[in-house]
Amino acid sequence: MSDAPALTRAAPPVAVGQPLIRLRGVTKVYGTGEVALLALKGIDLTIAAGEFVAIMGPSGSGKSTAMNILGCLDTPTAGQYLFLGAHVESLSRDRLARLRRRYLGFVFQGFNLLARTSAQENVELPLVYRGEGAAARHAAAAKALRSVGLGGWEHHTPAELSGGQQQRVAIARAIVTEPAVLLADEPTGNLDTRRSQEIMDLLRGLNTDHGITVLMVTHEPDMAAYARRLVHFIDGRIDSDVLNPHPVEPGLPAGQAR
Ligand SMILES: Nc1ncnc2c1ncn2[C@@H]1O[C@H](COP(=O)(O)OP(=O)(O)O)[C@@H](O)[C@H]1O
Ligand SMILES: [Mg+2]
């Protein structure tokens, strides 16, 4: 097979437990001179395939900055980022874009769906960018929507869906490419408690049943309680990094598992 089609298929499988992400001494400076702001002051973080990590910490502590670097949406000012052993900071723009498309899925607080565009078309979009044919796109998007509990809602536009449903469409869009890693920055920030718990159940299922590594930013302890590892940021540094001995279990409301 030539190289071109290989670039359009899903990422090769990543074995559970394999080192996936390694940050070493990562710093990030925004701006220059008098207005320069040191948002990350030297982050060391290793994440293995199959983990479910919650990144917590106060507003302004560098969580989103770290997520943008982890998601290859931004580059460190200094330090190293290794993804499956590849030095991300030295990849060309094209290779970086390919890494993002093949391995990473993104979910944001504000859903970021195209308005006046059906759920089905929103979910198909990453496959359009990847050059998939229409039949394969339709089938993959329908499957992704079913896996987030939205079978039958394919033709609804975001305005016709609740906030929780919109976020589930966004999650379907993130997983339609079968990424190794799902990066979610405050995915429940715009949702009430019940919808938030549904989204967390969904993320946990993607992690445990589909083997997707999940990195999620949240400032809500009830949502972080679903994760198996808790990383706390304070003032641009990792303040603590601990396992969660009792993640919220399926079928129990948040809080009852602890
Ligand atoms: N694009 C940017 N330009 C300048 N400063 C920024 C930018 N993004 C974030 N910052 C600053 O960097 C620090 C960390 O921000 P951020 O990573 O968004 O924190 P968090 O997600 O934990 O709330 C904050 O002081 C914020 O104001
Ligand atoms: Mg943030």
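In helix α4 (residues 119–129), the buried positions are A119, Q120, N122, V123, E124, P126 and L127. A residue is termed buried if 20 or more other C-beta atoms lie within 10 Å of its own, exposed if 12 or fewer, and partly exposed in between, with C-beta atoms placed from the backbone. Helices (H or I, at least four residues) and strands (E, at least two) are DSSP runs, numbered from the N terminus. The buried residues of α4 pack against α5 (134–147) and α6. Just after α4, G131 adopts a positive phi of about 80°.

The model is predicted: local features need pLDDT of at least 70, side-chain atom pairs count only at pLDDT 80 or more, and totals for chains, interfaces and linings use all residues. Residues are numbered from 1 along each chain as its sequence is written, while chains are lettered from A and ligands numbered from 1 in the order in which they are written.

The protein chain holds eight helices and 10 strands. Its C-alpha atoms fill a box of roughly 50 × 50 × 40 Å, taken along the principal axes. The radius of gyration is 18 Å, which agrees with the value near 18 Å for a compact globule of 258 residues. This radius is taken over C-alpha atoms, and the globule rule is 2.2 Å times the number of residues to the power 0.38. Of the 258 residues, 40% count as buried. Of the contacts with a separation of 6 or more, 69% join residues 24 or more positions apart. Two residues are in contact if their C-beta atoms, placed from the backbone, lie within 7 Å.

The largest nonpolar core has 67 residues. Such a core is a set of buried Ala, Val, Leu, Ile, Met, Phe, Trp, Tyr and Cys residues joined through C-beta atoms within 7 Å. I55, A172 and L182 have the most contacts inside this core. Helix α6 (residues 163–175) gives the most to it, with six residues. Leaving aside residues up to four places away in sequence, L182 touches G105, V107, A174, I175, L206, I212 and V214.

Strands of a sheet pair through backbone hydrogen bonds, either parallel or antiparallel. Here, an open sheet of four strands runs in the order β2-β1-β4-β5, with antiparallel pairing. Two strands pair if DSSP finds at least two bridges between them. The edge strands, β2 and β5 (86–87), each pair on one side only. Strand β1 (residues 19–30) pairs with β2 over nine bridges in the antiparallel sense. L23 stands opposite L45 in β2, and V29 faces L38 in β2. β1 and β2 form a hairpin with six residues between them. In its turn, G31 has a positive phi of about 75°.

G31 also belongs to the shell around ligand 1, with Y30, L37, A39, G57, S59, G60, S61, G62, K63, S64 and T65. A residue joins the shell if its C-beta atom, placed from the backbone, lies within 6 Å of the ligand. β2 (37–48) and α2 (63–70) are the elements giving two or more residues. The largest share, three residues, comes from α2. By class, the shell has three nonpolar, eight polar and one charged residues. Ala, Val, Leu, Ile, Met, Phe, Trp, Tyr, Cys and Pro count as nonpolar, Asp, Glu, Lys and Arg as charged, and the others, Gly among them, as polar.

P250 is found in the segment after β10 (237–243). P250 counts as exposed because it has 11 C-beta neighbours inside 10 Å. P250 and V231 lie 19 residues apart in sequence and 22 Å apart in space, C-alpha to C-alpha.
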